[in-house]
Amino acid sequence: MQGEDIKATERIKEREYRPFREIRDGYPRYIISLDKFRDQQEGVHHINAIDLFLGKEKI
């Protein structure tokens with residue numbers, strides 16, 4: 001979730017996290033992508049797909 005500059009990166013993050021923020025059912029929410037960084041915003045966890053498949057990440 002990285003753009004060409006800081007503003008582009010923020011727009012991308014907002015676009016990806018917004019639908020998850022609207023879900024209020026109490027279950028954990030995850031974004032799984034090939035990005036290397038880990039992040040968490042308002043209960044939405046962003047994790048790396050490769051790390052998940054190799055067992056380095058737990059959900």
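This is a predicted model: local features need pLDDT of at least 70, side-chain atom pairs count only at pLDDT 80 or more; totals for chains, interfaces and linings use all residues.

Lys13 is buried, because its relative accessible area is 17% and the cut-off for a buried residue is under 20%.

**Overall architecture**

- The protein chain contains 2 helices and 3 strands, and their order along the sequence is α-β-β-β-α.
- The C-alpha trace spans about 30 × 30 × 10 Å along its principal axes.
- Of the 59 residues in the protein chain, 31% are buried.
- The protein chain has an accessible surface of about 4600 Å², and carbon and sulfur atoms account for 53% of that surface.
- Considering contacts between residues at least 6 apart in sequence, 19% join residues at least 24 apart.

**Helix 1**

- Helix 1 has 16 residues, which at 1.5 Å a residue should span 22 Å; the C-alpha atoms at its ends are 22 Å apart, in agreement with that expectation.
- The helix has a kink of about 25° at Arg15, shortly before the proline Pro19.
- The buried residues in helix 1 are Ala8, Thr9, Ile12, Lys13, Tyr17 and Arg21.
- Strand 1, strand 2 and strand 3 (44-48) are among the elements that cover these buried residues.
- Asp5 lies in the segment before helix 1 and is partly exposed, with a relative accessible area of 43%.

- Asp39 belongs to strand 2 and Lys13 to helix 1 (residues 6-21), so the pair ties together parts of the chain that are 26 residues apart in sequence.
- Leaving aside residues up to four places away in sequence, Asp39 touches Lys13, Tyr17, Val44, His45 and His46.

**Other salt bridges**

- In total, the structure holds 6 salt bridges.
- A salt bridge joins the side chains of Glu14 and Arg18, with an N to O distance of 3.5 Å.
- Both Glu14 and Arg18 are in helix 1, where they are 4 residues apart, about one turn of the helix.
- An α-helix has 3.6 residues a turn, so residues three or four places apart point the same way.
- Glu14 counts as partly exposed, with a relative accessibility of 32%, and Arg18 is partly exposed at 40%.
- Glu14 and Arg18 are also part of a network of salt bridges that includes Arg21 and Glu42.
- Glu57 and Arg38 form a salt bridge whose closest N and O atoms are 2.8 Å apart.
- This pair links distant parts of the chain, 19 residues apart: Glu57 is in the segment after helix 2 (49-53), and Arg38 is in the loop between strand 1 and strand 2.
- Glu57 is buried, with a relative accessible area of 8%, whereas Arg38 is exposed, with a relative accessible area of 59%.

**A nonpolar surface patch**

- Leu34, Ile50 and Leu54 form a nonpolar patch on the surface, and together they have about 320 Å² of accessible area.
- Leu34 is located in the loop between strand 1 (29-33) and strand 2 (39-41).
- Leu34 is exposed, because its relative accessible area is 62% and the cut-off for an exposed residue is over 50%.
- The C-alpha atom of Leu34 is separated by 19 Å from that of Asp5, the two residues being 29 residues apart along the chain.

Methods:
Residues are numbered from 1 along each chain as its sequence is written. Side-chain values use heavy atoms; hydrogens and water are left out. Patches are made of residues with over 30% relative accessible area and no salt bridge: like charges are joined within 9 Å, nonpolar side chains (Val, Leu, Ile, Met, Phe, Trp, Tyr) within 5 Å. Accessible areas come from the Shrake-Rupley method with a 1.4 Å probe; for residues, only the protein chains shown count as cover. A salt bridge is a side-chain nitrogen of Lys or Arg within 4 Å of a carboxyl oxygen of Asp or Glu. Buried means under 20% relative accessible area, exposed over 50%, partly exposed in between (1.4 Å probe, protein chains only). The expected span of a helix is 1.5 Å times one less than its number of residues. The bend at a residue is the angle between axes fitted to the seven residues ending there and the seven starting there. Contact means heavy atoms within 4.5 Å.
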